[in-house]
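This briefing is meant for a reader meeting the structure for the first time. Please look over the sequence and the model, and then follow the points below by topic.

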Amino acid sequence: MKKLVFGVGFILALALPIKNTLSQPAEIKPVVNLPVIPADANIIKRAPARLQDNSALPVTKLISQDKIVSRLTKKATLKSIRLVKYSDYQSNRIKIVGVAAENAEISPSRQVYEVILDFPQGFKIRVGSYDRATVTALFDAETGESLSTDIDAPASAFHSNYDPVIAPTK
């Protein structure tokens, strides 16, 4: 008898909330009407770049190419080093890759060194290794700060260290 009462009570406990839920319409909230902003409105204010335009600086005030080259690995072959504006570097990346990431911290007129290195014997990174690759490194010409490193290599040249059988634990 206890099982029958429990069974009927259990079924009613499940059925009543479903019936009540289905029979009550969902509350409809009004849509918030956002103001229309004209396309020519200049409402986005960009913060000043951390690395400001230094195009007026003479080459004598910049870090020398030799100092930049001395910081590079000896495992690479230096293909080229050029003093360019950051916007020119971005244009070159668009030609090579099809897209370029914009860094709002760098003024488009900032002078930078674009260094192209060839690694015919490959190199290792934290997540794997490359059999061969070309690396484009970007250095600020005034401070020497490393700004960007782009690795260009065929997909078949990359070998991952990740082993799905021995996945890292947290």
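Rings of Phe, Tyr and Trp (its six-membered ring) are taken as a pair if their centres lie within 6.5 Å. The model is predicted, and by this rule it holds four aromatic pairs. Phe119, Phe123, Tyr130 and Phe158 come together as one aromatic cluster.

**Aromatic pairs**

- Phe123 and Tyr130 form a stacked aromatic pair, with 5.3 Å from centre to centre and 25° between the planes, and the pair counts as stacked because planes under 30 degrees apart are put in that class.
- Tyr130 also pairs with Phe158, at 5.1 Å centre to centre and with 55° between the planes, an arrangement that is tilted.
- This second pair links distant parts of the chain, since Tyr130 belongs to strand S4 (residues 128-130) and Phe158 to strand S7 (residues 158-160), 28 residues apart.

**Burial within the cluster**

- Phe123 counts as buried, because its relative accessibility is 15% and the cut-off for buried is under 20%.
- Tyr130, which has a relative accessible area of 16%, is likewise buried, whereas Phe158 counts as partly exposed at 29% relative accessibility.

**Nonpolar surface patch**

- Ile96, Val97 and Val99 form a nonpolar patch on the surface, and together they have about 290 Å² of accessible area.
- Val97, one of the residues of this patch, lies in helix H3 (residues 86-97) and is partly exposed, with a relative accessible area of 47%.

Technical notes
Residues numbered from 1 in each chain as written. Predicted model: local features only at pLDDT ≥ 70, side-chain atom pairs only at ≥ 80, totals over all residues. Heavy atoms only, no water. Patch = residues over 30% accessible without salt bridge, like charges linked within 9 Å, V, L, I, M, F, W, Y side chains within 5 Å. Areas by Shrake-Rupley, 256 points an atom, 1.4 Å probe, with all protein chains shown as cover. Salt bridge = Lys/Arg side-chain N within 4 Å of Asp/Glu carboxyl O. Helix = DSSP H or I, 4+ residues; strand = E, 2+ residues; numbered from the N terminus. Buried < 20%, exposed > 50% of the residue type's maximum accessible area, 1.4 Å probe, protein only. Phe/Tyr/Trp six-rings, centres within 6.5 Å; stacked < 30°, edge-to-face > 60°.
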